[in-house]
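Hi everyone, thanks for coming. I'd like to walk you through a structure that may be new to you, so please have a look at the screen.

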Amino acid sequence: MNTKSQFNQGLRDGVPVVFGYLPVGFAFGVTATAGGIPPWLVVLISLTNFTSAGQLMGATLIIAGAPIFEIAVTTLIINIRYVIMSMSFSQRIKPNMPLAEKMIAAFAITDEIFAVASLKKGEVTFNYITGLVSGPYIGWSLGTLLGAYATNLLPLGVQQSMGIALYAMFIALILPAARESLAVTVVAGVAVAVSVLFKTLPFLSTISAGYVIIICTIIAAALGAYLFPREEEDLT
Amino acid sequence: MSTAATLLAIGAMALVTFVPRFAPLAFFNKRIESKYIRSFLHYIPFAVLGAMAFPGILYSVPDMRAALTGTLAALILGFFNRGIMTVSVCAVVIVYAFGVLI
């Protein structure tokens with residue numbers, strides 16, 4: 001297949017992802033702006049990060065005024081999962097792909113794009129990747145832009161109510177996965193329990209939010225790996 | 001947070017998002033053999049989401065009773081797989097309605 005049709009095939013395969021990303025990007029734009037981050041910086045986050053959970057977490061910590069080191073460590077921990085996706089992805093591309101192309105391919109790795117590219121038969125070419133990522137990247141950024149600039153036009157009561165949007169989104173991401181998998185239910189449940197413990201116990205409640213999330217995550221994911229080790233490489 | 005500090009934070013976030021995506025692609029060709037490590041990596045997003053959601057959601061709006069009502073709505077709609085946008089918007093509408101009505 002020639003390079004142009006590879007690109008076009010990627011573009012087509014990315015369409016469902018665009019429809020997924022527009023509303024989530026919009027919701028991110030709304031919530032981060034409602035939390036007090038200036039709209040242009042909110043858009044900059046989407047343009048430079050291009051990841052849902054990591055930038056949601058980062059924005060939440062920016063809003064909370066957390067130190068930059070803490071924001072970096074927390075975001076890194078959330079993004080550690082990309083290491084396995086990137087490893088798997090490395091088996092599917094040409095080993096001699098130029099470094100600049102590898103950088104662009106790496107930036108394209110999100111949970112959804114990784115899943116689509118992994119299901120494609122045969123070698124994943126650079127042109128296919130650029131086609132695949134184009135729509136979702138535009139959708140993600142455009143959604144954020146619309147959400148960020150729509151927020152300030154709203155009355156205060158509505159803006160305050162939107163504080164819950166980010167958290168409702170977390171719930172909407174967890175519950176469908178938890179219904180499908182006992183392991184996910186246990187992991188998320190343990191994380192919630194430990195997190196509540198940190199908030200309520202007098203000594204532990206002095207630890208700042210970012211570190212609490214790291215500690216909860218390590219405890220819950222380690223317990224999940226111990227109780228429910230996954231036999232085959234379901235990398236998604 | 002000042003604009004400069006926010007920019008710095010965004011730059012740091014972009015870097016720590018890019019490196020895990022890029023480093024294995026560029027330098028690593030072997031597979032992680034330990035199923036425990038692979039499982040641990042797999043469960044991370046769910047653990048993160050759980051820890052971020054609770055109890056944070058209860059403090060996400062000024063009135064905790066409103067937050068609790070919104071949380072219940074999100075749990076019910078989320079359980080029935082209503083999609084991220086629907087769940088978010090409904091939770092916001094219910095919190096707002098709670099403030100107006102009660």
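This is a predicted model: local features need pLDDT of at least 70, side-chain atom pairs count only at pLDDT 80 or more; totals for chains, interfaces and linings use all residues.

Let's begin with the two chains. On one side, 64 residues of chain B are in contact, and on the other, 83 residues of chain A. Which elements of chain B give two or more residues to this side? They are α1 (3-27), α2 (35-53), α3 (64-79) and α4 (84-101) of chain B. The largest share comes from α2(B), with 18 residues. If we sort the side of chain B that touches chain A by class, we get 46 nonpolar, 14 polar and 4 charged residues.

Now let's zoom in on a helix pair. Helix α11 of chain A, residues 165-180, and α4(B) have axes that come within 8 Å and cross at roughly 140 degrees. The two helices are therefore oblique to each other, and their crossing is right-handed. Who meets whom here? From α11(A) we have A:Ala165, A:Ala168, A:Met169, A:Ile171, A:Ala172 and A:Leu173, and they meet B:Ile84, B:Val87, B:Ser88, B:Ala91 and B:Val92 in α4(B). That contact has 10 nonpolar residues, 1 polar and no charged.

Finally, chain A itself. It is divided into domain 1 (3-161) and domain 2 (181-227), with C-alpha centres 26 Å apart.

How values were computed. Residues are numbered from 1 along each chain as its sequence is written. Chains are lettered from A and ligands numbered from 1 in the order in which they are written. Two residues are in contact if their C-beta atoms, placed from the backbone, lie within 7 Å. Helices (H or I, at least four residues) and strands (E, at least two) are DSSP runs, numbered from the N terminus. Ala, Val, Leu, Ile, Met, Phe, Trp, Tyr, Cys and Pro count as nonpolar, Asp, Glu, Lys and Arg as charged, and the others, Gly among them, as polar. Axes are lines fitted to C-alpha atoms, for helices over the stretch in contact, and angles run from 0 to 180 degrees between N-to-C directions. Angles under 35 degrees count as roughly parallel, over 145 as roughly antiparallel, 65 to 115 as roughly perpendicular and the rest as oblique. A crossing is left-handed if the near helix is turned anticlockwise from the far one by less than a right angle, and right-handed if clockwise. Domain bounds come from an automatic or database domain assignment.
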